[in-house]
Amino acid sequence: MRTICVNTAPSYEILIENGCFPRIGELVKPVVRGTSAVIVTDSNIGPLYAKQAADSLGKSGFDPHIFTFPAGEPNKTLATVGEILGFFAQKRLTRADFAVALGGGVTGDLTGFAASIYLRGIDFVQVPTSLLAQVDSSVGGKTGCDLPQGKNLVGAFWQPRAVVIDPEVNQTLPPLERKSGMAEVIKTAAIKDAEWFDQIGTLPDIELIARSVDIKRGVVERDERESGERMLLNFGHTVGHALEKAYNFTGITHGEAVAVGMAAALRVGERLGMTPAGVSEKLTRLLTQYDLPVSTTVPMDQLIPHIAGDKKRQGDCINFVVLEAIGRARTLKIELTELAGLLKL
Ligand SMILES: NC(=O)c1ccc[n+]([C@@H]2O[C@H](COP(=O)([O-])OP(=O)(O)OC[C@H]3O[C@@H](n4cnc5c(N)ncnc54)[C@H](O)[C@@H]3O)[C@@H](O)[C@H]2O)c1
């Protein structure tokens with residue numbers, strides 16, 4: 001078992017092991033209280049894994065219940081949060097009980113947010129089943145949902161009590177979703193670790209997950225509330241989130257949108273003279289190797305209104321992340337009007 005301790009308030013452990021899924025109950029028992037647990041999952045993952053998770057929790061002495069919502073980003077809404085909260089109340093969860101987020105980033109964000117506001121906050125555990133959630137979204141305590149006006153506009157910082165990762169569940173992950181997770185792996189290496197960037201193609205999932213998570217751990221520990229260094233993790237996400245919104249959250253995965261966003265951020269960095277020649281080529285080559293898109297047919301000027309709705313906007317400016325080298329990123333404050341010009345193809 002690989003154990004990575006995240007020293008936030010409260011602190012928690014990320015447990016990573018191939019084949020550990022059937023032992024979820026035993027693994028979370030030391031860090032949760034209460035007797036009841038609600039497993040929140042989506043309509044794709046529920047039929048594959050929810051019963052096994054419930055059996056494991058049952059064996060460890062918990063009383064498990066399963067709540068399933070329709071899969072997909074379009075359901076990452078306040079309405080779904082309301083349904084989860086209603087289910088918690090119907091099952092009479094108390095402050096001592098806990099929720100289990102069994103699924104990808106959508107499930108994790110929704111479950112964590114519902115846990116953060118139910119009875120003013122109950123415990124939750126992350127059991128991420130998509131590569132994207134394993135390498136990124138399950139760690140760091142950002143939870144929330146989308147609004148019709150934009151992505152992740154509602155939410156809370158709410159740390160899980162534990163994150164349990166079994167890379168073997170990725171065997172059922174659709175190839176498109178695997179690709180999506182690789183975009184976040186590549187992003188993490190691109191902003192923080194040049195040496196690892198060069199090894200990405202040669203590593204098994206467990207190594208990709210452990211390294212990504214450890215990098216994110218360091219960033220989150222140094223800047224839990226995203227007032228500085230944590231913003232670097234948004235590399236590619238300003239344009240990426242706007243693109244997801246332009247697609248109305250269907251027909252493009254989060255990772256694909258982030259890949260296009262990274263390519264756009266490289267262009268911005270080059271035009272500002274901050275991203276040296278060669279960096280862009282290296283990163284876009286790796287993205288293309290994983291069949292991730294580096295361009296879009298959506299005109300960049302159509303994205304500006306969505307970027308203006310981004311939560312990273314401050315007045316007329318946006319905090320935008322550029323690469324100075326592979327493994328080194330920095331945040332710039334750019335006026336939206338200037339950014340519109342820099343993004344033009
Ligand atoms: N909180 C954070 O820090 C953070 C960071 C990055 C991304 N996110 C959020 O994460 C979301 C994207 O996450 P995602 O890509 O995991 O989306 P997702 O949760 O929608 O999962 C993607 C798809 O894969 C399916 N799936 C997941 N695991 C599976 C498995 N093992 N077998 C079969 N099917 C499986 C899901 O049902 C879904 O259809 C976005 O909403 C994004 O905003 C949050």
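Helices (H or I, at least four residues) and strands (E, at least two) are DSSP runs, numbered from the N terminus. This is a predicted model, in which local features need pLDDT of at least 70, side-chain atom pairs count only at pLDDT 80 or more, and totals for chains, interfaces and linings use all residues. Residues are numbered from 1 along each chain as its sequence is written, and side-chain values use heavy atoms, with hydrogens and water left out.

**Ligand site**

- Around the ligand there are 28 residues, counted as near if one of their heavy atoms lies within 4 Å of it.
- Asp42, Glu73, Ser130, Lys151 and Thr172 come nearest to the ligand.
- The shell divides into nine nonpolar, nine polar and 10 charged residues; Ala, Val, Leu, Ile, Met, Phe, Trp, Tyr, Cys and Pro count as nonpolar, Asp, Glu, Lys and Arg as charged, and the others, Gly among them, as polar.
- An N or O atom in the side chain of Ser130 is 2.6 Å from an oxygen atom of the ligand.
- A polar backbone atom of Gly105 is 2.8 Å from an oxygen atom of the ligand.
- A nitrogen atom of the ligand lies 2.9 Å from a backbone N or O atom of Lys142.
- On its own the ligand has 860 Å² of accessible area (Shrake-Rupley method, 1.4 Å probe), and the protein covers 92% of this.
- Two or more residues of the shell come from each of helix H2 (45–59), helix H4 (105–117), helix H5 (131–137), strand E8 (150–157) and helix H6 (175–192).

**Helix packing**

- Helix H10 (residues 254–271) packs against helix H11 (residues 279–289) at an angle of about 170 degrees, with the axes 10 Å apart.
- That makes H10 roughly antiparallel to H11 (an angle over 145 degrees).
- Ala259, Met262, Ala263, Leu266 and Glu270 in H10 meet Val279, Ser280, Leu283, Thr284 and Leu287 in H11, where contact means heavy atoms within 4.5 Å.
- By class, this contact has seven nonpolar, two polar and one charged residues.

**Backbone geometry**

- Most residues other than glycine have a negative phi, and most peptide bonds are trans.
- Ala9 and Pro10 are joined by a cis peptide bond, with omega about -5 degrees.
- Pro10 is found in the loop between strand E1 (2–6) and strand E2 (12–16).
- Asn152, in strand E8, has a positive phi near 50 degrees.

Terms used:
Axes are lines fitted to C-alpha atoms, for helices over the stretch in contact, and angles run from 0 to 180 degrees between N-to-C directions. Angles under 35 degrees count as roughly parallel, over 145 as roughly antiparallel, 65 to 115 as roughly perpendicular and the rest as oblique. A polar contact is a pair of N or O atoms within 3.5 Å; within protein, one must be able to donate a hydrogen and the other to accept it, and residues adjacent in sequence count only if both atoms are side-chain atoms.
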